[in-house]
Amino acid sequence: MKIAFIIVRSLLGLIFLSASVIVLFKLAPQPELKGNVKLFMDGVHATGYLLTLIKITELVCSLSFLSGRYTTLATIAIFPISLNIFLYHLFVAPEGLPVAIFVFASNLFLAYNFRERYKVLFTAK
């Protein structure tokens, strides 16, 4: 189980690292967007900060996953982003659904491995 954890953590880190670096440093041209994808991305760009915030969060969490440090915190921090990636591809752009399923399932797998550490968050005083 430990080896599977390291493999999944590293793959998730590499996916988020590449996605964030490509967007933050504009290493690839933006493809032509159409329909609901264009509408969604226009809304994200209209905020002026949201895409940058998401990509910086992805970058920090990916470095955490790859280094193996603060992975418990990174797993929580990246969860809303991986959930949104999954839902975006489920409802808006289904062609990316296989990767989105892998990202979301990997995040759930990491969270499951840290379940003992998260129990403190759910105890009422």
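Tutor: Leu-14 is found in helix α1. The model is predicted: local features need pLDDT of at least 70, side-chain atom pairs count only at pLDDT 80 or more, and totals for chains, interfaces and linings use all residues. Residues are numbered from 1 along each chain as its sequence is written, and side-chain values use heavy atoms, with hydrogens and water left out.

Student: How do you know which helix has the lowest mean pLDDT?

Tutor: pLDDT is the predictor's confidence in each residue, from 0 to 100. Helix α6 (residues 115-118) has the lowest mean, 94, whereas helix α3 (residues 50-67) has the highest, 98. For the protein chain the mean is 96, and 100% of residues reach 70 or more.

Student: Why is the group of Ile-3, Ile-7, Leu-11, Leu-14, Leu-66 and Phe-102 called a nonpolar patch?

Tutor: Patch residues have over 30% relative accessible area (Shrake-Rupley method, 1.4 Å probe, only the protein chains shown counting as cover). Nonpolar side chains (Val, Leu, Ile, Met, Phe, Trp, Tyr) are joined within 5 Å, and like charges within 9 Å. These residues therefore form a nonpolar patch on the surface, with about 530 Å² of accessible area together. Helix α1 supplies the largest share, 4 residues.

Definitions and conventions:
Helix = DSSP H or I, 4+ residues; strand = E, 2+ residues; numbered from the N terminus. Salt bridge = Lys/Arg side-chain N within 4 Å of Asp/Glu carboxyl O.
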